Amino acid sequence: MRLHFNLTQPLRPKVTEEDWGSTEWLVDDSLVPGVGMSVGILTVLKGKKSPPHAHSNCHELIYLVEGKVEITMDKERIILNAGDSVLCPAGTSHGFRSMDDVNAKMVISYSAGKRKYEATS
């Protein structure tokens, strides 16, 4: 299938808000049908954490731009500082916790345009 994008117009991101932070989606299948990938800027508010979850249909790459976060992946805790990255394989339970006195900002990229989201414990 060949996709046709209008390269003369900027992409129009969408923002999803949560009580722990927000995601500014730069591209995914809802913004560009058929694109087959998702990229966003995730903000975790200082002192807050996201609920644990998994994406059964895609891998997730996380690159920390600002702040310090603890990522829990299948009960293993990983500390990221600005400039660090980690890959969450498809189906891996994970969540984020901001550990700094500033909001944490991450670039997140998924290997699917329509991510499946499953709450985990």
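A nonpolar core is here a set of buried Ala, Val, Leu, Ile, Met, Phe, Trp, Tyr and Cys residues joined through side-chain atoms within 4.5 Å, where buried means under 20% relative accessible area, exposed over 50% and partly exposed in between (1.4 Å probe, protein chains only). The views show a predicted model, in which local features need pLDDT of at least 70 and side-chain atom pairs count only at pLDDT 80 or more, while totals for chains, interfaces and linings use all residues. Residues are numbered from 1 along each chain as its sequence is written, and side-chain values use heavy atoms, with hydrogens and water left out.

**View 1. The largest nonpolar core.** This core has 20 residues, and those with the most contacts inside it are Ile 62, Ile 71, Leu 80 and Met 106. Two or more residues each come from strands E3 (38–44), E5 (60–66), E6 (68–73), E7 (76–81), E8 and E10 (104–110), strands being DSSP runs (E, at least two residues) numbered from the N terminus. E10 gives the most, with four residues. Leaving aside residues up to four places away in sequence, Met 106 touches, among others, Ile 41, Leu 42, Ile 62, Val 69 and Phe 96 (contact means heavy atoms within 4.5 Å).

**View 2. The open six-stranded sheet.** The strands follow the order E1-E2-E3-E10-E5-E8 with antiparallel pairing, two strands being paired if DSSP finds at least two bridges between them. Strand E1 (14–18) and strand E8 (85–88) stand at the edges with a single partner strand each, so one side of each is left without a neighbour in the sheet. E1 pairs with strand E2 (residues 21–27) in the antiparallel sense over five bridges, and Thr 16 stands opposite Thr 23 in E2.

View 3. The side chains of Arg 115 and Asp 28 meet at 3.4 Å, N to O, in a salt bridge (a side-chain nitrogen of Lys or Arg within 4 Å of a carboxyl oxygen of Asp or Glu). Because Arg 115 lies in the loop between E10 and strand E11 (118–119) and Asp 28 in the loop between E2 and E3, the pair ties together parts that are 87 residues apart in sequence. Asp 28 is buried at 2% relative accessible area, whereas Arg 115 is partly exposed at 23%. Lys 14 is linked with Asp 28 and Arg 115 in a network of salt bridges.

**View 4. Salt bridges of Glu 70.** Glu 70, buried at 12% relative accessible area, meets the side chain of Arg 97 in a salt bridge (3.2 Å, N to O). Arg 77 also forms a salt bridge with Glu 70, the closest N and O atoms being 3.4 Å apart. Arg 77 counts as exposed at 57% relative accessibility, while Arg 97 is partly exposed at 32%.
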